[in-house]
Amino acid sequence: IVNNIAPWNRTTICTDISLQQTFTRQDNIEIKKQLTLDHLQQYNQHLQIFTDASQLSDGKTEAAFCIPSKSIEVKLKLIDNTSIATAELLAIESALL
């Protein structure tokens with residue numbers, strides 16, 4: 001619940017993906033880290049939820065989410081060969097429940 005309003009009752013939800021246009025994979029890792037930390041500062045008053053998913057070459061698939069302000073870190077093992085798109089969506093759904 002953000003500002004005592006449940007997510008399903010909010011009229012707007014903001015997803016900021018602008019950082020992906022700030023640098024490339026080839027850029028220096030320390031520069032990327034600092035740019036990311038600087039970018040996140042503007043959201044200090046918001047509930048920050050981070051999600052990710054991955055699939056290994058053997059088909060093992062996992063999804064995860066983290067809510068730092070609540071000290072929540074969850075890792076989900078999914079059925080082998082679950083698509084990465086499905087895994088990403090499951091991470092988002094799980095974080096919002």
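## Charged pairs and their surroundings

Author: Let's begin with K75, which is exposed, because its relative accessible area is 57%. The cut-offs for these words are as follows: buried means under 20% relative accessible area, exposed means over 50%, and partly exposed lies in between, using a 1.4 Å probe and protein chains only. Before going on, please keep in mind that this is a predicted model, where local features need pLDDT of at least 70 and side-chain atom pairs count only at pLDDT 80 or more, while totals for chains, interfaces and linings use all residues. Residues are numbered from 1 along each chain as its sequence is written, and side-chain values use heavy atoms, with hydrogens and water left out.

K75 has a partner: E62 forms a salt bridge with it, and the closest N and O atoms are 3.6 Å apart. E62 lies in strand β2 and K75 in strand β3, so this pair ties together parts that are 13 residues apart in sequence. A salt bridge here is a side-chain nitrogen of Lys or Arg within 4 Å of a carboxyl oxygen of Asp or Glu. E62 counts as partly exposed because its relative accessibility is 24%.

A search of the whole structure finds two salt bridges. The other pair to look at is D80 with K60, whose closest N and O atoms are 4.0 Å apart. D80 sits in the loop between β3 and α2 and K60 in the loop between β1 and β2, so the pair ties together parts that are 20 residues apart in sequence. D80 counts as partly exposed, at 40% relative accessibility, and K60 is also partly exposed, at 43%.

Now for a charged residue without such a partner. K32, found in helix α1, is buried yet has no salt bridge. The nearest side chain of opposite charge belongs to D27, and it is 6.7 Å away. Leaving out residues up to four places away in sequence, K32 touches F23, T24, R25 and D27; a contact means heavy atoms within 4.5 Å.

To see the charges as a whole, count Lys and Arg as positive and Asp and Glu as negative, leaving out His and the chain ends. Each charge is placed at NZ of Lys, CZ of Arg, CG of Asp or CD of Glu. The protein then has 8 positive and 11 negative charges, and their mean positions are 3 Å apart.

The protein has two helices and three strands, arranged along the sequence in the pattern α-β-β-β-α. These elements are DSSP runs, numbered from the N terminus: helices are H or I runs of at least four residues, and strands are E runs of at least two.

Strand β3 covers residues 72–78 and includes L78. L78 is buried, because its relative accessible area is 18%. Not counting residues up to four places away in sequence, L78 touches T61, E62, A63, A87 and L90. E62 is therefore both one of these neighbours and a member of the pair with K75.

S71, in the loop between β2 (61–67) and β3, has a positive phi of about 55 degrees although it is not a glycine. S71 is exposed, with a relative accessible area of 70%. N81 is placed in the loop between β3 and α2 (84–96), and its phi is also positive, near 70 degrees, in a residue other than glycine. N81 is exposed at 58% relative accessible area.

I49 belongs to the loop between α1 (29–40) and β1 (50–55) and counts as partly exposed at 31% relative accessibility.

For the whole protein, 19% of the 97 residues count as buried.
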